[in-house]
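Subject: Structure handover

Hello,

Here is the structure you will be working with. Please open it alongside this email.

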Amino acid sequence: MPRTPRWIALAATAATAGAMLASLQAPAAAEPAERPDPAAAGESLLDEPWVIAHRGASAYRPEHTLSAYRLAYRMGADVVEPDLVPTKDGRLVVRHENELSGTTDVADRPEFADRRTTKTIDGRSVTGWFSEDFTLKEIRTLRAKERVPGIRPDNTRFDGAFRIPTWEQVVLQWRIMTKHPRYRDVMLIPELKHGAYFDSIGLDTERALADSLERHGLDGEDAPVIVQSFEPDSAREVDGLVDTPVVQLIGSGQQELTTPGALDGIAEYAEAIGPDLRWVLPIGDDGRAAEPTALVDDAHERGLLVTPYTLRSENGFLPEGYRTGGGPTAYGDHRTYYVEVLRTGVDGVFSDNPDHLRQAREEYLDERA
């Protein structure tokens, strides 16, 4: 039988965490000229959908740095996302990919020039420097840099300022931050990357994370930690190791996981799905949101929360119909798009701009009141 999400009670209170600092608020986007009838919108399983800080507040700081996570807390995120990859000595560090050159200064480090290589990761040929070829001590000498400097040039001023954090440091920061009443209900949602690939080279990231969760007392069904993976086998393995809630991520090429039959199977080991936004709210020929799909309702019928990804506010990332003047680096009409996503009844959304998503959630909740 499908499992009822085990942390809904916690989730309902988590959405109240954090008061966004006025000094961090960006100018509001233009209000939409017309709004769909809120009564026709979907219904979230939560009192308030989560604001999930994608790789931290990554629109404002280089992603997956302790600074990006700290800013996400201050901006009122309910959930903070670190992505995890292993080192050569089996330690979990926080990077979106195991290839390091896109987000660190490794390519500029002559002492590591001979580590550049080409590997096949999940069927794709990738050339660069890989976390599994470095010890933790070596990775700790690297510095983070902005991943998309062409769209986020302001973030480049932080290039070289921050080290690459470990998962253990993220947990320590979380413990410190959640001692403050403003942040006490914030959760973590680590993502395990490339589980099958790492298994093939003798690095069991599922076991490493499970052992860490057990050490920290975060392995229970009501733990304020949610583990996610794109790989069903990896998600099932985590479910078998700890009672911590699990999210099955669904990528743009994984449409087979969105069918009712697939959702039946997912509900046996996971409490939520994290689909690409296109599987929830397609974009029409006019570049604007089209009719929502049945995915949210289908998942909710099986007791699964739905937390799609990723909302970003710059014109360069927004669907064409929400772009405004100023080029790809300028903010478009993000507020309208964010609210339209929330109207589908999702239970949370990943965003690089947690402050913008929090503002949109306030508007969405006002219209439903």
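Below is what was found in it.

First, the ground rules. This is a predicted model, where local features need pLDDT of at least 70, side-chain atom pairs count only at pLDDT 80 or more, and totals for chains, interfaces and linings use all residues. Residues are numbered from 1 along each chain as its sequence is written, and side-chain values use heavy atoms, with hydrogens and water left out.

Now the overall picture. The protein has eleven helices and 13 strands. These are DSSP runs numbered from the N terminus: helices are H or I with at least four residues, strands are E with at least two. Of the 369 residues, 58% are buried (under 20% relative accessible area, 1.4 Å probe, protein chains only). Contact means heavy atoms within 4.5 Å. Among contacts with a separation of 6 or more, 71% join residues 24 or more positions apart.

Next, the cores. A nonpolar core is a set of buried Ala, Val, Leu, Ile, Met, Phe, Trp, Tyr and Cys residues joined through side-chain atoms within 4.5 Å. The largest one has 64 residues. Tyr73, Val80, Trp167, Ile273 and Tyr337 touch the most other members. A second, separate core has 18 residues, including Val85, Leu100, Val126 and Leu203.

Finally, look at Glu363. It sits in helix H11, residues 354-368. Glu363 counts as buried because its relative accessibility is 10%. Its side chain makes a polar contact with the side chain of Arg335, at 3.2 Å. A polar contact is a pair of N or O atoms within 3.5 Å; within protein, one must be able to donate a hydrogen and the other to accept it, and residues adjacent in sequence count only if both atoms are side-chain atoms.

Best wishes

Key. Buried < 20%, exposed > 50% of the residue type's maximum accessible area, 1.4 Å probe, protein only.
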